[in-house]
Amino acid sequence: MTMLNPGPSTSQAVSGVPTTRRCEPYMRLHWTDSATDAVGYLVVHTLRGGLATGGTRMRAGCSLTEVEDLARGMANKTATFDLPIGGAKGGIDFDPKDPRAVEVLERFCEAMRPWLDAHWVTAEDLGVPQHLIDEVFEKLDLGQSYHAAIRRAADPAATLERVRNGLNAAVDGGFLLGDVIGGYGVAHACLATAVQWGQAPAQTTAAIQGVGTMGGAAAYYLHEAGMKITTVADAAGTLYCADGLDIPALLDLRDGYGEIDRSRLPEGIEQQPRNAIIAADVDILVPAAISYAITPDNSYDIRARVIVEAANAATTPEAEAMLAARGIPVLPDFVANAGAVAWAWWLLLGEVDDTPDTSFDRLRTTMHNKVAQLLTAWTDEGVSPREVGHRWAADPAPLTGPVVIP
Ligand SMILES: NC(=O)c1ccc[n+]([C@@H]2O[C@H](COP(=O)([O-])OP(=O)(O)OC[C@H]3O[C@@H](n4cnc5c(N)ncnc54)[C@H](O)[C@@H]3O)[C@@H](O)[C@H]2O)c1
C-alpha cells in the first residue's frame, strides 16, 4: 500500500460556470492486490471529528482521479446537508462481474481495516451492493459497513440494531428502505423541478440512465408519482416507449447487476444503442450510472430541459458549461443524490427512526426546499445550481463537540 504525494492543483473555470472546485484531499491511499491485477484507492477529502463517509465502488477502469472527484463530492454532500463528518471514497479498478470480485473486495477492506475500524464509514456504490459490503464487513469481524461510527455509540449493539432495522425496513414495491432512499431523493429532486416549472408530473417526461440501486429507485418513485418515463438504459442498451415504460415490470426483470433481461421484455418497447439515452427527447435527463456520462462530445445531443445528477460526477465541468450556455441547468450530484448519505447519518444520529415514513418525509421536504432554492437562483439570478451548492458546502455547520451517536 502506498501513500501518494499530492499532485498539482488543477483549478479551472469554464465560460463563467464554476467547475468542481479542486483542492487537495486530506489523504490518498493506493492499494495493489497481491492475487490479481486489481488496484484500489481510498481518498479522504475531509476528516471532521475524526470521521469521513463515502461508498466503495468497483469497476474496471476506476482511477485515482475518479475517486478523488468522488471524495470531493462526498465532502460537498456532507457539508451541504450539515452532517458533522467529512467526505471520502473508495474505488477498486476491477470488473464486479469477475468471479474473483468478492475476494478482491475482501482483501481491499482488510487492507483498509485501520481506516474502516476507526475513521471511514463506507457503504454501497457502483458495482458494490450494500448487502455485499455488509457480508464482507461481517466476515472481517467489523459487523456492518457503518462500523467506524457505530463503535463510537454509547450502546453500539443498540445502534447496530437501529441501523440494520432502518436499512432493512420493508417498503412498497417489495424493496428495502436502505436500497431505495437515495433514489427516492433523486425522484423528489425531479418532482421539485416540475413544481418549479408549474408542471404536473403527468405532463412531465423523464429518461434515466442506469436502473440499479439509484436509477431503479428513482424510476420507481417517479413512475409512482405519475411522471412518464419514456426511456431507460442499462449497461446492455437503451429501452424506449413513447407512451411511457411500465417501470415496475422492467425493474422485476433486473439481475443482480441492475441489467434488464431482454428476452422477457414487455411488448411495445424499442431497443436502442446504449448511448441513445443521452439524446432522449424528454424534460428531465437523470444520469444514474457511470461518472463522466455527459461530456463535451455528447452534450450537444442533449434535448432535456434539466439534468438531475443521480450518478456522482456525471457531468464534466466543460460539458456543464456548454449546457449552461444553452440554458440547461444541472442539479449537482452533491444535492440531488445526497439523500442516500444524509439519510444514513440521520439514522446513525437518531434524527430519524427506523420506520420508512419519517425518513421519506424528512428527505422529501429537504430535497424540495433545496431544489427550489437552486432553481430560483438559476432563473432569477443566472447563478448555476452547482455554484449555489458550493456556497452552501463552503459554509458547513460548525462542529460544537464530538459527534454523539445515540
Ligand atoms: N448506491 C448508492 O447508495 C449511491 C448513492 C449516491 C450516488 N450513487 C451513484 O449512483 C451511480 C449508480 O450507482 P448504483 O449504486 O445505482 O449502481 P448499480 O451498480 O446498482 O447500478 C448501475 C446501473 O447502471 C447501469 N450501467 C452501467 N454502465 C452503464 C452505461 N455505460 N450506460 C448505461 N447504463 C450503465 C447498470 O446496468 C445498472 O443498471 C454511481 O455513480 C454512484 O456513485 C450511488
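Two strands count as paired here if DSSP finds at least two bridges between them. With that rule in hand, the predicted model shows seven strands forming an open sheet, and walking across it gives the order β15-β14-β13-β12-β16-β17-β18. The pairing in this sheet is mixed. In general, strands of a sheet pair through backbone hydrogen bonds, and they can do so either parallel or antiparallel. At the two ends sit β15 (270-272) and β18 (330-331), edge strands that each pair on one side only. Zooming in on one of those ends, β14 (residues 237-240) and β15 run antiparallel and are joined by three bridges. Within this part of the sheet, Thr238 stands opposite Gln272 of β15.

Next comes the ligand. The shell around the ligand takes in 30 residues, of which Gly210, Gly212, Gly258, Ala289 and Ala311 come nearest. Sorted by class, the shell splits into twelve nonpolar, twelve polar and six charged residues. Two of the elements that supply at least two shell residues each are the helix α8 (213-224) and the strand β13 (228-234); β13 also has a place in the sheet order, between β14 and β12. The biggest contribution to the shell is that of α8, with three residues. Where does the ligand lie relative to domain 1 (2-152) and domain 2 (176-393)? Both domains give residues to the shell, so the ligand lies between them.

Then there is the packing. As a rule, nonpolar side chains in soluble globular proteins tend to be buried together. In this model the largest nonpolar core has 127 residues, and the ones with the most contacts inside it are Cys190, Ala218, Val286 and Val308. Helix α7 (residues 177-197) provides the largest share of this core, eleven residues. Leaving aside residues up to four places away in sequence, Val308 touches Val186, Ala189, Cys190, Thr193, Ile284, Val286, Leu331 and Ala336. Two of these partners, Cys190 and Val286, are also on the list of residues with the most contacts in the core.

Last up is helix α10 (residues 317-325), which is mostly covered, with seven of its nine residues buried. Those buried residues are Pro317, Ala319, Glu320, Ala321, Met322, Leu323 and Ala324. After α10 the chain reaches Gly327, which has a positive phi, near 80°.

Methods:
Residues are numbered from 1 along each chain as its sequence is written. This is a predicted model: local features need pLDDT of at least 70, side-chain atom pairs count only at pLDDT 80 or more; totals for chains, interfaces and linings use all residues. A residue is buried if 20 or more other C-beta atoms lie within 10 Å of its own, exposed if 12 or fewer, and partly exposed in between; C-beta atoms are placed from the backbone. Helices (H or I, at least four residues) and strands (E, at least two) are DSSP runs, numbered from the N terminus. A residue is near a molecule or strand if its C-beta atom, placed from the backbone, lies within 6 Å of it. Ala, Val, Leu, Ile, Met, Phe, Trp, Tyr, Cys and Pro count as nonpolar, Asp, Glu, Lys and Arg as charged, and the others, Gly among them, as polar. Domain bounds come from an automatic or database domain assignment. A nonpolar core is a set of buried Ala, Val, Leu, Ile, Met, Phe, Trp, Tyr and Cys residues joined through C-beta atoms within 7 Å. Two residues are in contact if their C-beta atoms, placed from the backbone, lie within 7 Å.
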